[in-house]
Every structure is written in C-alpha cells, then in structure tokens.
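Colleague: I should like to learn how to read the features of this structure one at a time. May we take each general idea together with its case here?

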Amino acid sequence: MTRPLAAGRAPDRSLGDPDRLDVAAAQRDRAAFGVLYRRYLDRVYAYSFYLLGDHHDAEDVTERTFLAALASLHRFRDRGSSFRAWLFRIAHNEVANALRGRTRRRRRTVPMGELEVPSLPAASAAVDPAQEVDRIDDARRVRRALETLADDRRHVLVLRFVDGLSAGEIGEVLGRSAGAVRVLQHRALRDLAERLGTER
C-alpha cells in the first residue's frame, strides 16, 4: 500500500524541537495529536516496512507505535530530546517485538526485493519508461543489499536516509552516542557499497 505524503506544514528543525508546540497542544488536548500523527505516519510506516519487509506487519507496527505514543504522550518532556527521536524509539521497540514474534511464528513473508518501496514516487507521463524500469530495479537492488547488512547498520541507514533523522536522534533511538552512530553509518555505507558493487 502506497501512502500519500503527510499533510501539514513541514517542521523547522533549525531551532530546537520543531514539534514542541504541537506536542504541548496534544498534551493538553488528545485530539490535537492528529497533527503529529499525519506528520509522521509515512515515515514510521516506511521505517517499519524497510526493516520488516511486509506491508501488513509494517501497518501493525505503525498502528501500535502511534497508540503507544498517544498513551504515553503526557510523560514526554522536551529536555534536549526531540519528539521525533522519542517516537522512533517507540517504533524501534515495536519493530523489535514484531521480529521476535515473527521468529516464534515462522510466518512466511514476501522478500523485500519483490515489493515496491512505499516512498518511491509514482512515474509521471514525462518519465521515460526505460528510465523508470531502471530506477525501480536500482531500488530493488538497494533493498536486497540492505537485507544483508547487520541489524544495527541497516537500522542506522534506514533511520538516516529513509526517515531523515540526525545522528543525535538516531543515537537516542538506538541507545548510542552520536559519534558511534556516525561511525556505524560510515561502515554501513561502505558495506552497502561493497554489496552493490559485487551485485553488478
């Protein structure tokens, strides 16, 4: 299932946590949580899908993430940690739970290489069909290569390049320092480049 881009204004990340006013509004009135939900729905779903490789599991994780966030929003405090990092920490834990459950169930899933990435834009009439096929093929190659990376390296790349989190925010999600995240990202990109190079 392809989701449309989240509606609403894009938060300005130049001054602290750009979500702080919307979080404060949602802490006063739960109905205001809809703004945060719409802003991050696609990104949480994409994160879950890239790591789980199954649309249904990604939808379940996304739903559980937002339900958990809404239930515990009153405990969130802006003390140097962004709402976005806090939300993705919840998503990270829900993905880990889903992976543990999957191991127990041994449920068959479709390999990621056979699925469309939800964040890929649809082809327009102006796009050359041959170029579009090449672009989709490249995206599948990247997904297959991502699947072969160690979990922590795959998580770092997805959080950084799919969801746009900073090194500091990724560190909060994974429980590591920003410096450790940058080292891990460098190694992950190197590993990914090697795998993509041998696949040619």
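Colleague: Is D78 buried, partly exposed or exposed?

Modeller: D78 is partly exposed, since its relative accessible area is 41%, a value between the 20% and 50% cut-offs. Please keep in mind throughout that this is a predicted model. D78 sits in the loop between α3 and α4.

Colleague: Which residues does D78 touch, leaving aside those up to four places away in sequence?

Modeller: D78 touches D17 and R20.

Colleague: How far may the coordinates be trusted?

Modeller: Where pLDDT is low, predicted coordinates should not be read in detail. Here the chain has a mean pLDDT of 80, with 74% of its residues at 70 or more. Two stretches call for caution. Residues 1–10 stay under 50, and the model has 17 contacts for them beyond four places in sequence. Residues 117–121 likewise stay under 50, with 12 such contacts.

Colleague: How should I read the nonpolar core?

Modeller: In soluble globular proteins, nonpolar side chains tend to be buried together. In this model the largest nonpolar core comprises 41 residues, and F33, Y47, L73, F83, F88 and L159 have the most contacts inside it. Two or more residues come from each of α1, α2, α3, α4, α5, α6, α7 and α8.

Colleague: Which element gives the most to this core?

Modeller: Helix α2 does, with nine residues.

Colleague: What does F88 touch, beyond its neighbours up to four places away in sequence?

Modeller: F88 touches Y40, R43, V44, Y47, L159, D163, L165 and V173.

Colleague: How are aromatic pairs to be read?

Modeller: One considers the distance between ring centres and the angle between ring planes; planes over 60 degrees apart count as edge-to-face. The whole structure contains nine aromatic pairs. For Y47 and F88, the centres are 5.7 Å apart and the planes lie at 85°, so this pair is edge-to-face. Y47 belongs to helix α2 and F88 to helix α4, so the pair links parts of the chain 41 residues apart. Both Y47 and F88 are buried.

Colleague: How are the rings of F76 and W86 arranged?

Modeller: F76 and W86 form a tilted pair, at 5.3 Å centre to centre and with 55° between the planes. Because F76 lies in the loop between α3 and α4 while W86 is in helix α4, the pair ties together parts 10 residues apart in sequence. F76 is buried, at 5% relative accessible area. Y40, F76, F83 and W86 form one aromatic cluster.

Colleague: What lies over the face of F161?

Modeller: R160 does, at 5.7 Å from the ring centre.

Colleague: Let us turn to charged pairs. What is the general idea?

Modeller: Side chains of opposite charge can pair when their charged atoms come close. A search of the whole structure gives eight salt bridges. One of them joins D151 and R154, with 2.6 Å from N to O.

Colleague: Why are D151 and R154 separated by about one helical turn?

Modeller: An α-helix has 3.6 residues a turn, so residues three or four places apart point the same way. D151 and R154 are three residues apart in helix α6, and therefore about one helical turn separates them. D151 is partly exposed at 46% relative accessibility, whereas R154 is buried at 10%.

Colleague: Which residue forms a salt bridge with D152?

Modeller: R176 does, the closest N and O atoms being 3.3 Å apart. This pair links distant parts of the chain, as D152 is in helix α6 and R176 in the loop between α7 and α8, 24 residues away. D152 is partly exposed at 27%, and R176 is partly exposed at 38%.

Colleague: How close are the N and O atoms of R190 and D191?

Modeller: The closest N and O atoms in that salt bridge are 3.7 Å apart. R190 is partly exposed, at 40%, while D191 is buried, at 11%. Elsewhere, salt bridges with shared partners join D19, D22 and R39 into one network.

Colleague: Finally, how many residues of helix α7 are buried?

Modeller: Six of the eight residues of α7 are buried, namely A167, E169, I170, G171, V173 and L174. G175 follows α7 and has a positive phi, near 75°.

Technical notes: Residues are numbered from 1 along each chain as its sequence is written. Side-chain values use heavy atoms; hydrogens and water are left out. Buried means under 20% relative accessible area, exposed over 50%, partly exposed in between (1.4 Å probe, protein chains only). Helices (H or I, at least four residues) and strands (E, at least two) are DSSP runs, numbered from the N terminus. A salt bridge is a side-chain nitrogen of Lys or Arg within 4 Å of a carboxyl oxygen of Asp or Glu. pLDDT is the predictor's confidence in each residue, from 0 to 100. Contact means heavy atoms within 4.5 Å. A nonpolar core is a set of buried Ala, Val, Leu, Ile, Met, Phe, Trp, Tyr and Cys residues joined through side-chain atoms within 4.5 Å. Rings of Phe, Tyr and Trp (its six-membered ring) pair if their centres lie within 6.5 Å; planes under 30 degrees apart count as stacked, over 60 as edge-to-face and the rest as tilted. A charge sits over a ring if NZ of Lys or CZ of Arg is within 6 Å of the ring centre and within 35 degrees of the ring normal.
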